Amino acid sequence: GWQALANLLGSSRSRLKSLSIKDNYINDEEHQSLANSLVNNNTLTDLYLDNTDITIRGLQAYSTVLQSPRSRLKHLSLRKNRIKNRGAILLANSLVNNNTLLQLNLESDVSITSKGWKAFSRLLCRRSSIMDTYLSNHILQRLIGDEYTLSGDLMQLLLMNRDGDRQHVARQKIIKCHFTGENLDMQPFVDMKLGALLHVIAWMGRDGISLLYPFVRNMQSFFNFSDGVKADNGPAAKRQKVQLQSVAHCPNSYIGEW
């Protein structure tokens with residue numbers, strides 16, 4: 001039965017690429033056995049667990065598979081299960097470092113509310129810092145839910161991921177989250193070493209002036225000093241100020257290969 005299937009999947013001789021066990025009642029122990037066999041499986045790419053009465057314990061077992069560096073799963077379907085918000089958040093968290101899953105199907109599950117879907121928005125674009133955004137998931141391309149359950153922001157992030165070029169996707173998300181709107185936080189740049197800052201400015205100017213405009217507009221942050229604090233007017237400080245002012249007037253001269 002299930003143990004024989006688990007033994008096959010866990011064998012180095014397994015060449016199975018797609019497995020469908022949908023519309024079967026599978027208890028937690030059986031899900032655990034199957035998941036354990038998949039942790040080190042590097043051939044299976046498609047797994048269909050639709051309508052299998054999976055519980056949070058079963059999802060926890062498969063979350064281990066999604067976190068395994070050996071996993072090659074590209075498509076996971078969990079249609080017609082009641083995984084609820086807790087299960088959705090668990091799945092999203094398990095995909096933080098996943099580099100293979102392209103599609104997750106959670107259709108026909110009314111137990112997931114906006115709270116659960118927001119976990120996937122955070123997965124695709126962590127907004128707390130530029131580095132967190134860079135390290136977000138740029139792999140997942142399709143998240144299937146019932147009509148109108150996915151927000152416009154989540155749909156936009158999924159569309160970005162379909163670009164296929166992870167570096168380009170990361171750049172677009174950084175622009176979207178940190179360089180649009182009126183409130184550009186300049187403090188990370190103020191604290192940055194000059195050499196790194198020039199590279200960042202070159203990176204911003206790679207596609208033209210539109211991204212640089214809000215940055216240059218706020219560059220007074222580099223030259224303002226608190227009341228009662230004497231400004232550093234030494235040679236190094238003057239040199240940095242001249243270089244930054246040069247970038248403001250001619251950013252393309254710093255772009256180079258960026």
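**Close-up views of a predicted model**

**View 1. Asn51 and Asp53 in the loop between β2 and α3.** With a relative accessible area of 31%, Asn51 is partly exposed. The model is predicted. Asn51 sits in the loop that runs between β2 (46-48) and α3, and Asp53 is placed in the loop between β2 and α3 as well. Asp53 counts as partly exposed because its relative accessibility is 46%, and the band for that class lies between 20% and 50%. The phi angle of Asn51 is near 55°, a positive value in a residue other than glycine. For Asp53, too, phi is near 55°, and Asp53 is likewise not a glycine. Most residues other than glycine have a negative phi.

**View 2. Arg79 and the residues it touches.** Arg79 belongs to the loop between β3 (75-77) and α4 (84-94). Which residues does Arg79 touch, not counting those up to four places away in sequence? They are Asp50, Asn51, Asn105, Glu107 and Ser108. One of them, Asn51, is in the loop between β2 and α3. Arg79 and Asp23 are 56 residues apart along the chain, and their C-alpha atoms are separated by 10.0 Å.

**View 3. Helices α3 and α4 side by side.** Helix α3 covers residues 56-67, and its axis comes within 9 Å of the axis of α4, with a crossing angle of roughly 10°. That makes the two helices roughly parallel, because angles under 35 degrees fall in that class. On the α3 side, the residues that meet α4 are Ile56, Leu59, Gln60, Ser63, Leu66 and Gln67. Their partners in α4 are Arg86, Gly87, Leu90, Leu91 and Ser94.

**View 4. Thr113 in the loop between β4 and α5.** Thr113 is placed in the loop between β4 (103-105) and α5. Is Thr113 buried or partly exposed? At 38% relative accessibility, Thr113 counts as partly exposed.

**View 5. Ser121 in helix α5.** Helix α5 spans residues 114-124 and includes Ser121. The relative accessible area of Ser121 is 12%, so Ser121 is buried; the limit for that class is under 20%. Leaving aside neighbours within four places in sequence, the contacts of Ser121 are Ser151, Asp153, Leu154 and Leu157.

**View 6. A nonpolar surface patch at Met131, Tyr134 and Leu135.** Met131, Tyr134 and Leu135 together have about 300 Å² of accessible area. Tyr134 is part of helix α6 (residues 130-134). Tyr134 has 35% relative accessibility and therefore counts as partly exposed.

**View 7. The protein chain as context for the close-ups.** The protein chain has 12 helices and 5 strands. Of its 258 residues, 41% count as buried. The accessible surface comes to about 14200 Å², and 50% of that surface belongs to carbon and sulfur atoms. Among contacts in the protein chain with a separation of 6 or more, 76% come from residues 24 or more positions apart.

Notes. Residues are numbered from 1 along each chain as its sequence is written. This is a predicted model: local features need pLDDT of at least 70, side-chain atom pairs count only at pLDDT 80 or more; totals for chains, interfaces and linings use all residues. Side-chain values use heavy atoms; hydrogens and water are left out. Patches are made of residues with over 30% relative accessible area and no salt bridge: like charges are joined within 9 Å, nonpolar side chains (Val, Leu, Ile, Met, Phe, Trp, Tyr) within 5 Å. Accessible areas come from the Shrake-Rupley method with a 1.4 Å probe; for residues, only the protein chains shown count as cover. A salt bridge is a side-chain nitrogen of Lys or Arg within 4 Å of a carboxyl oxygen of Asp or Glu. Helices (H or I, at least four residues) and strands (E, at least two) are DSSP runs, numbered from the N terminus. Buried means under 20% relative accessible area, exposed over 50%, partly exposed in between (1.4 Å probe, protein chains only). Contact means heavy atoms within 4.5 Å. Axes are lines fitted to C-alpha atoms, for helices over the stretch in contact, and angles run from 0 to 180 degrees between N-to-C directions. Angles under 35 degrees count as roughly parallel, over 145 as roughly antiparallel, 65 to 115 as roughly perpendicular and the rest as oblique.
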